Amino acid sequence: MTSTPLTPLSRMRDWLREQPTLTGSGRPIDDGALPGDPGALFVSWIRAAAEAGVAEPHAATLATVGADGVPDARTLILKDLDERGWAFAGPRSSGKGVQLAAHSAAALNFWWQPLIRAVRVRGAVREAPAAESAADLAARSTAAREGVAPGDWVLWRLQPTRVEFWQGAVDRRHTRIVYDAQDGGWSLSVSGATTSTG
């Protein structure tokens, strides 16, 4: 019996399987010390990522939905985080701006490989007041402001309904910390490997 030669795509499959995964250094999660608000935990995690030397820890993938119903994604920079939501910006006339105008919901994903950590945020997206959008544009460099039409720059805030923190582990005993918006507050669930101070 003769074997079928490998096609370039099947060789790619094999090559991908050979690549190492979970090569960072995970950290234990103390489920007794988790804050009641996902924003506080996010601030702790993003600062830890920066301290660990993660390049551009504020970079995230933003996923939106096109008019054809197909998901779309791009990488951008988180501008701010407060009780109003996770802020990002761009031209209203951009692909994301057009998509958000038609379907005002999105998801953000952060990945900090050295710590084997990821954060997923999803919810409704709202435009900030025009003065805040103008201030964000004014804070950019001269080169970054070039080509932006008056009134086209928008600061958006993703107001989350769900935030998931994922702590990977080399032994595959991953931890998921999930905050779901509920009655003006947050419900919290934890699954996977944790430690407890209780």
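Predicted model: local features only at pLDDT ≥ 70, side-chain atom pairs only at ≥ 80, totals over all residues.

Biologist: Noted. Which residue forms a salt bridge with Lys79?
Modeller: That's Asp136, and the closest N and O atoms of the pair are 2.8 Å apart. The two come from distant parts of the chain, 57 residues apart: Asp136 sits in helix 4 (residues 130–138), and Lys79 in the loop between strand 2 (71–77) and strand 3.

Biologist: And Asp136, buried or exposed?
Modeller: Buried, because its relative accessible area is 14% and the cut-off for buried is under 20%.

Biologist: How many salt bridges does the count come to?
Modeller: Eleven salt bridges.

Biologist: Give me another one. What does Glu127 pair with?
Modeller: The side chain of Glu127 meets that of Arg92 in a salt bridge, at 2.5 Å from N to O. This pair also links distant parts of the chain, with Glu127 in strand 6 (residues 117–127) and Arg92 in the loop between strand 4 (85–91) and helix 3 (95–102), 35 residues apart.

Biologist: What are the accessible areas there?
Modeller: Glu127 has a relative accessible area of 45%, and Arg92 has 37%. Glu127 is partly exposed, and Arg92 is partly exposed as well.

Biologist: Switching to networks. Which residues are linked in a network of salt bridges?
Modeller: Arg120, Arg162, Glu164, Arg176 and Asp180 are linked that way. Arg162 is in strand 7 (residues 153–167) and Asp180 is in strand 8 (residues 175–182), 18 residues apart.

Biologist: How open are those two?
Modeller: Arg162 is partly exposed, with a relative accessible area of 25%. Asp180 counts as partly exposed too, at 25% relative accessibility.

Biologist: And where is Glu164?
Modeller: Glu164 is found in strand 7. Glu164 is buried, with a relative accessible area of 7%. Its side chain makes a polar contact of 3.3 Å with the side chain of Arg176.

Biologist: What else is Glu164 in contact with?
Modeller: Setting aside neighbours within four places in sequence, Glu164 is in contact with Ala118, Val119 and Arg120, and also with Arg176, Ile177 and Val178.

Biologist: OK, new topic: Asp82. Where does it lie?
Modeller: Asp82 lies in strand 3 (residues 80–82). Asp82 is partly exposed, with a relative accessible area of 22%. A polar contact of 2.7 Å joins its side chain to that of Arg84. Asp82 and Gly39 are 43 residues apart in sequence, and their C-alpha atoms are 7.3 Å apart in space.

Biologist: Let's zoom out. How many helices and strands does the chain have?
Modeller: Five helices and nine strands. Along the sequence the pattern reads α-α-β-β-β-β-α-β-β-α-α-β-β-β.

Biologist: What are the overall dimensions?
Modeller: Along the principal axes, the C-alpha atoms fill a box of roughly 65 × 60 × 35 Å. Of the 198 residues, 35% count as buried. The chain exposes about 11500 Å², and carbon and sulfur atoms supply 54% of that.

Biologist: Last one: how far apart are the mean positions of the charges?
Modeller: They are 5 Å apart, taking the 21 positive and 21 negative charges of the chain.

Conventions
Residues numbered from 1 in each chain as written. Heavy atoms only, no water. Helix = DSSP H or I, 4+ residues; strand = E, 2+ residues; numbered from the N terminus. Buried < 20%, exposed > 50% of the residue type's maximum accessible area, 1.4 Å probe, protein only. Polar contact = N/O pair within 3.5 Å; in protein donor to acceptor, adjacent residues only side chain to side chain. Salt bridge = Lys/Arg side-chain N within 4 Å of Asp/Glu carboxyl O. Areas by Shrake-Rupley, 256 points an atom, 1.4 Å probe, with all protein chains shown as cover. Lys, Arg positive; Asp, Glu negative; His and termini not counted. Charge placed at Lys NZ, Arg CZ, Asp CG, Glu CD. Contact = heavy atoms within 4.5 Å.
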